[in-house]
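Have a look at the sequence and the fold, then read on.

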Amino acid sequence: METRVDFVQSLQSDMSINILACLNDPVDVVRAGSVSSPWHHFVITNGISKQLCLRRFPQLSGIERITEPDWITTETNGVGSHNSIWDIMKRDHNVYASLLHAITTLNTCQSECIAYAVSASSTDRFPAESVANTLTTRRYLGGHSYWSSKGHADPDAPETLIYKLKADLCVISKISVQPFEAFYQPGHPIYSAKSVRFRLGHPKNSLDENDIVQMPQQQPADDKFIWTYTSEVYPMEQKNCLQQFKLPEPVLCIGGYLQIELLGRVQRQHSDNLFYTCVSHVKVMGGPLCPAFDIDIREPSGKFALKYNPEVFRWMLQSFSEDSNISPMPSEEEAVEHVGVMGFLLQAYHGGIEPMVWDEPMEWDDDDEEMDELGIL
């Protein structure tokens with residue numbers, strides 16, 4: 001008979017951790033934890049799902065604590081009870097695995113993520129050339145919809161555009177920017193930047209969203225934010241088309257704000273001989289994780305609490321699974337009817353999604369609630 005060895009029980013812990021660290025799918029981590037009671041205990045006590053999460057999304061290293069709705073804690077532990085260390089480790093295992101599962105699911109059904117424009121570092125003619133114009137492709141009164149910077153004699157002068165995303169916790173995979181072509185000027189010049197860079201982050205602690213909404217769109221607001229992610233620099237072509245910049249890997253935006261940094265200028269305006277940068281359209285693709293997951297940022301440390309609602313998470317996965325073959329509906333009411341309330345609130349529904357396919361679950365030695373919570377049963 002072939003001899004088989006359980007490496008979790010036979011090897012030193014460090015070696016077993018290194019082996020399990022090779023798993024790159026949250027479902028595989030959960031299944032590893034369901035092989036047997038020793039594996040279940042080992043995966044949870046060594047935080048394997050958390051290690052995978054931090055490896056793929058280093059921004060999550062800022063998580064200071066994890067919270068769940070009060071009614072869930074009370075229902076699980078009883079009134080006046082306290083979580084044991086094992087309960088906390090088990091909860092953290094579930095939360096990190098669920099978060100990775102949600103990110104993976106949203107990455108297959110992307111949607112537009114911008115909620116509204118916040119500000120531009122400069123605006124030539126406000127409001128006719130406001131940054132808000134970059135969120136629509138429509139023309140007004142026969143004219144064109146675009147944002148324009150002020151003119152500058154220095155061709156290396158940068159500009160920045162800031163946008164609020166649809167949730168404070170979003171997965172972003174690609175950003176598209178379309179330079180503006182001035183058809184009404186001689187030679188139809190295209191006022192593109194030389195290159196572009198992206199930053200993601202959150203407002204400084206002294207600001208809430210009402211303060212940000214009331215800020216003048218034509219004035220710079222870069223100093224009002226803390227940027228926790230900065231992309232590489234991408235070259236931009238001097239072409240009138242929606243130029244797509246795909247991030248090397250999906251990025252987790254913690255805080256809900258995007259800065260587009262337009263580096264350098266290539267086009268002078270004939271009338272004043274100054275360099276301008278103009279953008280006609282901006283598009284961000286990804287998916288919001290709220291309301292299944294949310295954050296509460298602690299300043300000045302920059303650490304944050306991760307809020308997790310397992311009931312909403314289950315409804316989210318169910319919405320994607322049950323309605324994966326339904327095409328997008330023309331109205332909000334029809335969308336809610338067909339994709340479910342939670343799926344609509346997450347604003348990540350997209351027609352033609354292939355449902356996640358699970359193999360038959362392995363025998364569970366502890367209980368099935370954990371697998372069910374992660375959407376595997």
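## Strand 7 and its partners

Strand 7 and strand 11 (residues 257-265) run antiparallel, joined by 8 bridges. Helices (H or I, at least four residues) and strands (E, at least two) are DSSP runs here, numbered from the N terminus, and two strands pair if DSSP finds at least two bridges between them. One of the contacts to look for is R199, whose bridge partner in strand 11 is Q259.

Strand 7 also pairs with strand 8 (residues 225-230), antiparallel again, over 5 bridges; L200 has Y229 of strand 8 as its bridge partner. With strand 9 (residues 234-235) there are 2 bridges, also antiparallel, and S195 sits opposite P235. Of the 11 residues in strand 7 (residues 193-203), 10 are buried, so the rest of the structure largely encloses this strand. Buried means under 20% relative accessible area, exposed over 50%, and partly exposed in between (1.4 Å probe, protein chains only).

## What kind of model this is

This is a predicted model: local features need pLDDT of at least 70, side-chain atom pairs count only at pLDDT 80 or more, and totals for chains, interfaces and linings use all residues. Residues are numbered from 1 along each chain as its sequence is written, and side-chain values use heavy atoms, with hydrogens and water left out.

## The whole protein

Overall, the protein has 12 helices and 16 strands. It has 377 residues, and 48% of them count as buried. Take the contacts (heavy atoms within 4.5 Å) between residues at least 6 apart in sequence: 78% of those join residues at least 24 apart.

Now for an open sheet of 3 strands, with the order 1-16-15 and mixed pairing. Strand 1 (63-67) and strand 15 (293-297) are the edges; each has a single partner strand, so one side of each is left without a neighbour in the sheet. From one strand to the next, the twist averages 25°.

Strand 15 and strand 16 (residues 304-308) run antiparallel, with 5 bridges between them, and I297 has F304 of strand 16 as its bridge partner. Helix 7 (residues 85-107) lies across strand 1, strand 15 and strand 16, at about 100° to strand 1. For that angle, axes are lines fitted to C-alpha atoms, for helices over the stretch in contact, and angles run from 0 to 180 degrees between N-to-C directions.

Strand 3 (residues 114-120) is mostly covered, with 5 of its 7 residues buried. Strand 3 pairs with strand 5 (residues 159-165) in the antiparallel sense over 5 bridges, and A120 stands opposite L161 of strand 5.

Which residues of helix 4 (residues 37-45) are buried? They are W39, H40, F42, V43 and I44. Just after helix 4, G47 takes a positive phi of about 60°.

M15 is found in helix 2 (residues 13-20) and counts as partly exposed, at 46% relative accessibility.
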